[in-house]
Structures are given as C-alpha cells and as structure tokens.
Amino acid sequence: MLSTVIAVLGTLLGAAVAGALQHRTARTTRSEARDDHRRDWELEAITALAAAVAGHRRAMAGRPAAR
C-alpha cells in the first residue's frame, strides 16, 4: 500500500515538474521572439531616421545653389 502511494506521488510530482519546465521553455521562447521583433523594429526605425536626415541634409546643401 505504501509503495503504491509513493509511486502515485512520484508520478504526480514528475508531471508537475515536467509541466513547469515546459511552461518556462515556452515563456523563454516567446520572450526571445518578442525581443527579436523589437530589435527588427528598432533597426527599421533607425534606418528610416538616417534616410530622413540624409535627405534633409541633401536638401539643405542644395538650397544655396537654388538662390
């Protein structure tokens, strides 16, 4: 009887630990995907800003010649 109770408790504990590890792995994967997406967005924003600044500088450099 005692060995049966120990076996059941061990099975339940093993399932709980496996579930916790799986949950943590899934959370880490989602976090990494979110960070990758944020990095991509920041890179696009920086690229757009650099292009806008370069365009503005070109426009300002050509302005004296237009007079």
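This is a predicted model: local features need pLDDT of at least 70, side-chain atom pairs count only at pLDDT 80 or more; totals for chains, interfaces and linings use all residues.

User: What does the radius of gyration say about the chain?

Analyst: The radius of gyration is taken over C-alpha atoms, and the globule rule is 2.2 Å times the number of residues to the power 0.38. For a compact globule of 67 residues you'd expect something near 11 Å, but this chain has 29 Å. Along the principal axes, its C-alpha atoms fill a box of roughly 100 × 5 × 5 Å.

User: What share of the residues is buried?

Analyst: Buried means under 20% relative accessible area, exposed over 50%, and partly exposed in between (1.4 Å probe, protein chains only). In this chain, buried residues make up 0% of the 67. Take H37, which sits in helix α1: it counts as exposed because its relative accessible area is 58%. For the whole chain, the accessible surface (Shrake-Rupley method with a 1.4 Å probe; for residues, only the protein chains shown count as cover) is about 6,100 Å², with 65% of that belonging to carbon and sulfur atoms.

User: How many salt bridges does the structure hold?

Analyst: First the idea: side chains of opposite charge can pair when their charged atoms come close. The cut-off for a salt bridge is a side-chain nitrogen of Lys or Arg within 4 Å of a carboxyl oxygen of Asp or Glu. The structure holds two. In one, D35 meets R38 at 3.3 Å, N to O; in the other, R39 pairs with D36, their closest N and O atoms being 2.8 Å apart.

User: Why are D35 and R38 separated by about one helical turn?

Analyst: Because D35 and R38 are three residues apart in helix α1. R39 and D36 are also three residues apart in helix α1, so about one helical turn separates them too. As for cover, D35 is partly exposed at 29% relative accessibility, and R38 is partly exposed at 42%. R39 is partly exposed at 48%, and D36 is partly exposed at 40%.

User: Which residues form the positive surface patch?

Analyst: Patches are made of residues with over 30% relative accessible area and no salt bridge, joining like charges within 9 Å and nonpolar side chains (Val, Leu, Ile, Met, Phe, Trp, Tyr) within 5 Å. The positive one is formed by R24, R27, R30 and R34. R24 lies in helix α1 and counts as exposed, at 54% relative accessibility.

User: Which residues make the nonpolar surface patch?

Analyst: M1, V5, V8, L9 and L12 make it, with an area of about 530 Å². V8, which is found in helix α1, is partly exposed at 45% relative accessibility.

Definitions and conventions
Residues are numbered from 1 along each chain as its sequence is written. Side-chain values use heavy atoms; hydrogens and water are left out. Helices (H or I, at least four residues) and strands (E, at least two) are DSSP runs, numbered from the N terminus. Lys and Arg count as positive and Asp and Glu as negative; His and the chain ends are not counted. The place of a charge is taken as NZ of Lys, CZ of Arg, CG of Asp or CD of Glu.
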